[in-house]
Amino acid sequence: MPFAPFVGVNHHGQSILFGCGLVSREDIETYVWLFKSWLECMHGRAPKAIITDQCRSMQGAVAQVFPESHHRLCLWHIMKKIPEKLSRLPQYKVIKKTLKTLVYESTDTQEFEDGWCKLVEKYALEKNEWLSSLFNERMRWVPIYVKENFWAGMSTTQRSESMNAFFDAYVNSKTSLREFVEQYDNALKSKIEKENKADFESLNSSYKLVTGFYFERQFQEAYTNAIFKLFQDELRGMLFCNSSLVKIDGARYVFHVTDIVEGKHGDSKKRVVYIDVKEIHPRYILSRWRKDVKHGHYLVINCYEDLMSGENAKQFDHLCSNFYEVAHIANSREMYEYLLSCVNMAKEKLNDDSIWGCSSNINLVVEDVRVSDSTTKLLPPMQVRSKGRPPSKRKESRVEQVMKKKTKKNVREKTNNIQQDQMDSSREHGANSYNNESNCQFDLNVPV
């Protein structure tokens with residue numbers, strides 16, 4: 001059955017799994033059912049942005065179920081089709097180079113559209129249906145059109161395909177549905193352990209500063225190590241920029257910046273940059289990438305978590321969902337202070353031994369429910385297996401492990417029964433041939 005994962009990005013830039021579906025068909029009705037089922041699991045919170053390939057059925061389902069989401073088509077899949085669609089044209093190599101330049105290097109929409117029209121006119125491509133369809137859908141895939149929306153660094157469905165490869169270590173075509181559910185949770189456990197390890201490293205270490213700029217230290221203190229390193233890469237790129245001051249308008253400085261692109265011909269592009277700050281205002285430091293924020297998916301209950309089970313797990317999950325919903329409702333200072341006072345009052349009562357009689361379990365629940373926007377002390381993540389060749393190519397589910405143990409037990413019992421029969425037979429034969437030396441030696445060699 002086709003495996004359809006919903007994949008996103010966490011605050012370390014790692015791929016995370018929001019859910020998955022097994023579908024029998026790949027038509028619009030099936031995708032509508034899949035998206036609606038997933039939306040229900042997300043408590044009706046649709047994604048702000050979603051990336052898919054050019055499947056018409058999937059596009060129709062997205063428009064129907066996620067009408068307010070920004071829908072982007074996978075750039076990699078589109079550019080991959082260039083040889084297939086255009087390789088027979090006489091000027092293919094020149095057309096391909098010009099097309100890539102327009103897609104990746106256009107600085108505004110007008111530049112892209114003018115360049116596209118010139119390309120089509122120069123090489124008589126007006127009747128090329130594939131290029132015409134791409135131009136009509138340019139708002140959904142050309143970088144210059146979609147850059148106004150937040151994509152967490154994603155422009156392709158590569159993470160989804162990588163997730164498929166990741167699951168190859170857990171399931172295969174012979175995996176039953178029962179085993180799949182357990183193996184799915186094992187895969188989630190592996191992802192969460194990796195994220196916990198990255199959390200610990202970001203809170204206890206950081207990359208060294210490469211400049212003396214105060215804003216670099218701001219990002220070092222706020223962002224996770226992986227995201228801060230991306231910022232430092234951009235900072236190093238300033239070494240390849242030549243700037244000239246154009247004018248000063250109050251606190252705003254206007255520069256002409258020439259980006260020297262390292263290449264065969266020493267190409268360069270000039271851009272206008274406006275600078276009016278020496279430090280970054282806190283509102284521009286996105287909580288999306290902060291190291292000291294705990295996200296909602298941390299509270300998702302998985303079947304491998306043994307701390308709570310049964311009714312306690314249901315109660316905990318229900319409380320978390322309600323707390324998360326209330327936190328979004330409290331969007332003003334007055335609401336925030338009122339909610340905080342209620343929470344503090346509830347915590348005092350929950351911690352009062354005279355009311356509940358036993359505080360140990362209460363404290364555990366309170367500590368697990370609490371979500372803080374400030375830095376919290378994390379313990380090292382659980383010890384993982386050391387590097388080296390894995391014991392097996394695919395991790396076994398609990399069902400497979402039980403079946404293997406049972407098989408080994410049956411084989412062992414069968415072997416013992418055979419050996420016992422041989423011993424009984426040999427003893428009987430030995431009694432009848434006591435005076436025969438060769439038979440006696442043979443009897444002594446019977447395995448016991």
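Colleague: What should I know about the model before reading it?

Modeller: The model is predicted, so local features need pLDDT of at least 70 and side-chain atom pairs count only at pLDDT 80 or more, while totals for chains, interfaces and linings use all residues. Residues are numbered from 1 along each chain as its sequence is written, and side-chain values use heavy atoms, without hydrogens and water.

Colleague: At what angle do the axes of helix H1 and helix H2 cross?

Modeller: Axes are lines fitted to C-alpha atoms, for helices over the stretch in contact, and angles run from 0 to 180 degrees between N-to-C directions. Here H1 (residues 28-41) and H2 (residues 56-65) cross at roughly 40°, their axes coming within 8 Å. That makes H1 oblique to H2; angles under 35 degrees count as roughly parallel, over 145 as roughly antiparallel, 65 to 115 as roughly perpendicular and the rest as oblique.

Colleague: How do H6 and H7 pack?

Modeller: Helix H6 (residues 109-122) and helix H7 (residues 129-136) pack at about 165°, with axes 12 Å apart. They are therefore roughly antiparallel to each other. Phe112, Glu113 and Trp116 in H6 meet Leu131, Leu134 and Phe135 in H7, where contact means heavy atoms within 4.5 Å.

Colleague: Is aspartate 292 buried or exposed?

Modeller: Buried means under 20% relative accessible area, exposed over 50%, partly exposed in between (1.4 Å probe, protein chains only). Aspartate 292 has 12%, so this residue is buried. Aspartate 292 lies in the loop between strand E7 (268-275) and helix H13 (311-329).

How values were computed: Helix = DSSP H or I, 4+ residues; strand = E, 2+ residues; numbered from the N terminus.
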